[in-house]
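This report goes through a two-chain model, starting from a single residue and moving out to the chains. Please keep the sequence and the structure open while reading.

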Amino acid sequence: MTAAVADAGTTGGDVLAALRRQRWWALRVLALPVHILVFALIAFFLVRLIPGDPARVIAGPDATPGTYEAVRQQLGLDGGIWTQLGHFVAGLVRFDLGDSIVNGRPVFDEIMARLPGTVELALVSFVILVLVTLLLSLAVVVAPRSPAGRIVSGYSQAAGAIPDFVIGVIGIFLFYATLQIVPAPNGRTRPGLVEPDPITHFPLLDSILAGRFAVTSSILSHYLLPIVVLVVSLAPLLLKQLLGALGPAAEDRATLFRVATGAPRRMVLASIYRRALPPTIAVFGTIFGTLLGGTVIIEQLFGIGGLGVYAVNSVAGLDFTALQGTLVLVAAISMIVFLLADVATMLLDPRRRPGVQGSGS
Amino acid sequence: MTSTLPPPAAPITAEAPPAPADRRRPGPGFGTWAAAVLLGLVLVVALFGPVIAPHDPTAVVGLPSRPPSGEHWGGTDSTGMDVFSRTLAGTRIDVLIAVFSTILATALGVVVGLAVGMNESRRGPVGTLARAVSRLLDLLQAIPVVIVGLVVVSFFGTNTVTMVLAIAVILMPIQARLTRTEVLRVRGDAYLDAARQAGQHELRLIVKHVLPNSVRPALLNVSVILGISIVLTAALGFLGVGLPPPTPEWGSMIAHGAGDAAVGKWWSAAFPAAALCVTVAASSVLTNRFTLRRTGSG
C-alpha cells in the first residue's frame, strides 16, 4: 500500500530504479550489436589475409595493368584497406554485405535464400535434441543403478568420440543402402516434386503455408536421417553436462528437505531439475553453434543445398565478400542464441546476474 | 547420484559420502589399459604407418571398388587405391596435425590466458584491452569451429604446417579461457604479494608462481583438445578444404567413401572412420580417467 503511494510520488526516480533493475539483461542486449561489429571486423581482416588475388584470377594471367586495375575497381578491391573497411562497415549497418566477387549478386540476398533452410534443420534438430536429452537424463536421475541408467551414463561418456559425419555415413549405409527405409541422400525433396514458391524461405514452413502436404511429407522423410544423425552425435555432449549438474542437485540440501517433508515424487524431480538447469542452459547456448556447424557438414553429406554448400563454394572461388558475409551472419546467429541462453540462465537463477552478490544457497 | 526418490525417509546423507569413494576403484581399470594400448598403437602407426603399409598409399594399385580380400585387406576405393594402406598412412597426417596443433594451441592459450587474467582488473588501456579480449574469448565459444575453420584454413592455405597453425588458432580460445579462470583464482593469493614485496619482477613472478599454479586445467584438457583437433582436421577434409585429394587423410577418405557407402560399398569409408573413432575414443577414455581422479582426490 505505502509502496503504491510512494510510486505515485516519485515517478521519475522510480523509472530510473526500474531501469536499474532491468539493467542485467538490457546491457547484454545493447552490447550485442557491438559484439557482432567487433566480430565483423575480425572477419573482414581475416578474409583480407587469404592469399590469392581474385582480381588477378578473373582478369587472367596475361591481362595488361590497365585491365587488371579495371577489374580490381569493379570488384570493389581498389583503394586502401581502410577505404574498403569504410565501405564494409557502412554497408553492414544497412544489412548490405556487398556483392559477390564471383557472380556479382548481393551476398545478403544469396545467404538469405539459403540460411533459412539451414537454420530450420538446425532448429528442428535442436528442439528434438533438448527433449531427448531431458528424457534420457530422467532415466539416470530416477534409477542411476538400473541397466537403462547405466547405458545412458555410458552413452554420455562417449561425448565427441564419434563425429557427426561418421554417424552420417553409417546412417546412410544402414538405412538407405541396406534397409532402404529412408530416401536417397541427395536433396530436400523427392526428385520431380516442385517446391512451392518461397514465402518465408523456410522450406518446411513454406510447404505447410502453401498447403502442399506432399512436399511437407517428402521434406520430413528427407530430414529424418539428418536429424537423427545430429541428435545422436550431439546428445552426449549435453547429457554429460546435464548429468554433471543433476548429480549435485540430487544431493543438494534443498532436495533433501523436499524428500524429508514427504513431497510427492514429481515435486522432488522438479526441484532437482530446477537446480540443474541454469548451468545446462548456458551449455545449450554454445551447443547451438556446434549444431549449426554440424548442420553445414550434414547438408554437404546429404546433398541438401544450404549455407554449407555456399560457404565451401566461396572458399573454392576466393569469394571474399561471400566468405566474410557468411562468417558475420553465422556469428550473429550464434551470438543471439548465446545471449538468449545467457538471459534464460539469469532468469532462472538471479544469483548469476551481474552485480548480484550471491550468498551461496 | 544416489536415488533420492523412492522412500521419502531414506537416509541419503549417510549413503552419499562413501559413494564416490566406492565407485572409483583405486587402480586403473581394464578400459583405461585398453585405451592406453590403443593410443600407443595409433602413435606407433603414426610413426611407421607409411613403412608398414602393404601398398603405395597414393597410387592406383588395383581394380576400383573391390571388397576386402587377402591382397587388399581394406579393399580398394573407387579410384583403385588401397584403403588399408591409405588408412595407415593417413594416421601420420591426422595424428601429426592433431598433436602439433594441440601443443601449439595449449602454449598460445596459456600465454593469452595468463596475460588476460593478470591484467583484467587493471585500470587504463591495458586493463580495458584485457577485458575486451576476455569477453571475446567468451563469445568465440558460441561460434561454430567448423565454419571458422573453413575460413581460417583457406586463409592459411592447405599444407600440413599451415593446417597445424590454423587449427591451433581455432582451438586456442578454449585453453585460454581455462587458464584465465585459474589465474583469476590464484591472482589474489598471499604468496604473490609476498614475492612482490621481496622485490621480484612481475614477469618473473608470473612465470615462477602464477604459471605453475594455473596451468593444470589446460594441461588436463590437452587430450580433449587432441580429440577436437583430430575431428576438426577430418571434418575440414570431409568438406574438401583440407589437404588436396591424393593425400591420404581420414576426413577426405570418409567423404570420398560416403558415395560408395550409399550404394552398399561400406569398406572405403569404414576403415578411416574406424581409425578416427578409435583414436578419439581412446584419448577421451584416458581424459575421463584422469579428470575423475583429480576431482576424486581433490
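## A buried threonine in chain B

B:Thr287 counts as buried because 20 C-beta neighbours lie inside 10 Å. The model is a predicted one. B:Thr287 sits in helix 13 of chain B, which covers residues 267-297. When neighbours within four places in sequence are left aside, B:Thr287 is in contact with B:Ser223 and B:Val224. B:Trp250 is 37 residues away from B:Thr287 in sequence, and the C-alpha atoms of the two are 23 Å apart in space.

## Make-up of the two chains

Chain B has 13 helices and 0 strands. Its pattern along the sequence is α-α-α-α-α-α-α-α-α-α-α-α-α. Chain B has 298 residues, of which 44% count as buried. Of the contacts in chain B with a separation of 6 or more, 67% are between residues 24 or more positions apart.

Chain A has 14 helices and 0 strands. From the N terminus on, its elements run α-α-α-α-α-α-α-α-α-α-α-α-α-α. Chain A has 361 residues, and buried residues make up 41% of them. For contacts in chain A between residues at least 6 apart in sequence, 69% join residues at least 24 apart.

## Annotated transmembrane regions

For chain A, an unreviewed UniProt entry lists the feature "transmembrane region" at residues 25-47, 121-143, 155-177, 219-239, 281-302 and 322-344. For chain B, an unreviewed UniProt entry places the feature at residues 33-53, 95-116, 136-155, 218-243 and 266-286. The table gives the computed secondary structure and end-to-end distance for some of these spans.

| Span | Helix | Strand | Distance between end C-alpha atoms |
|---|---|---|---|
| Residues 121-143 of chain A | 96% helix | 0% strand | 33 Å |
| Residues 219-239 of chain A | 100% helix | 0% strand | 29 Å |
| Residues 95-116 of chain B | 100% helix | 0% strand | 31 Å |
| Residues 266-286 of chain B | 95% helix | 0% strand | 30 Å |

## The nonpolar core

Which residues have the most contacts inside the largest nonpolar core? They are A:Val169, B:Ala235 and B:Ile254, in a core of 159 residues. Helix 10 of chain A (residues 213-250) gives the most to this core, with 19 residues.

A:Val169 also shows how the two chains meet at one point. Not counting residues up to four places away in sequence, A:Val169 touches B:Ile254, B:Gly257, B:Ala258, B:Ala261, B:Ala269 and B:Ala273. One of these, B:Ile254, is itself among the residues with the most contacts inside the core.

## A helix pair in chain A

Two helices of chain A are described here by their axes. Helix 12 (residues 265-302) and helix 13 (residues 307-316) of chain A have axes that come within 7 Å and cross at roughly 90°. Helix 12 of chain A is therefore roughly perpendicular to helix 13 of chain A. On the side of helix 12 of chain A, the contact is made by A:Val296, A:Ile297, A:Glu299 and A:Gln300. Helix 13 of chain A contributes A:Leu307, A:Gly308, A:Val309, A:Ala311 and A:Val312.

## Confidence

For the complex, the predictor gives an ipTM of 0.77 and a pTM of 0.79.

Chain A averages a pLDDT of 79, and 88% of the residues score at least 70. The pLDDT stays under 50 over residues 1-9 of chain A, where the model has 1 contact beyond four places in sequence. It also stays under 50 over residues 357-361 of chain A, where the model has 2 contacts beyond four places in sequence.

Chain B averages a pLDDT of 77, and 86% of the residues score at least 70. Among the elements of chain B, the highest mean pLDDT, 87, belongs to helix 4 (residues 83-119), and the lowest, 40, to helix 1 (residues 12-15). Over residues 1-24 of chain B the pLDDT is below 50, and this stretch has 31 contacts in the model beyond near neighbours in sequence.

Technical notes: Residues are numbered from 1 along each chain as its sequence is written. Chains are lettered from A and ligands numbered from 1 in the order in which they are written. This is a predicted model: local features need pLDDT of at least 70, side-chain atom pairs count only at pLDDT 80 or more; totals for chains, interfaces and linings use all residues. pLDDT is the predictor's confidence in each residue, from 0 to 100. Helices (H or I, at least four residues) and strands (E, at least two) are DSSP runs, numbered from the N terminus. Two residues are in contact if their C-beta atoms, placed from the backbone, lie within 7 Å. UniProt positions are given in the numbering used here, feature names are shortened, and annotations may be inferred rather than shown by experiment. A nonpolar core is a set of buried Ala, Val, Leu, Ile, Met, Phe, Trp, Tyr and Cys residues joined through C-beta atoms within 7 Å. A residue is buried if 20 or more other C-beta atoms lie within 10 Å of its own, exposed if 12 or fewer, and partly exposed in between; C-beta atoms are placed from the backbone. Axes are lines fitted to C-alpha atoms, for helices over the stretch in contact, and angles run from 0 to 180 degrees between N-to-C directions. Angles under 35 degrees count as roughly parallel, over 145 as roughly antiparallel, 65 to 115 as roughly perpendicular and the rest as oblique.
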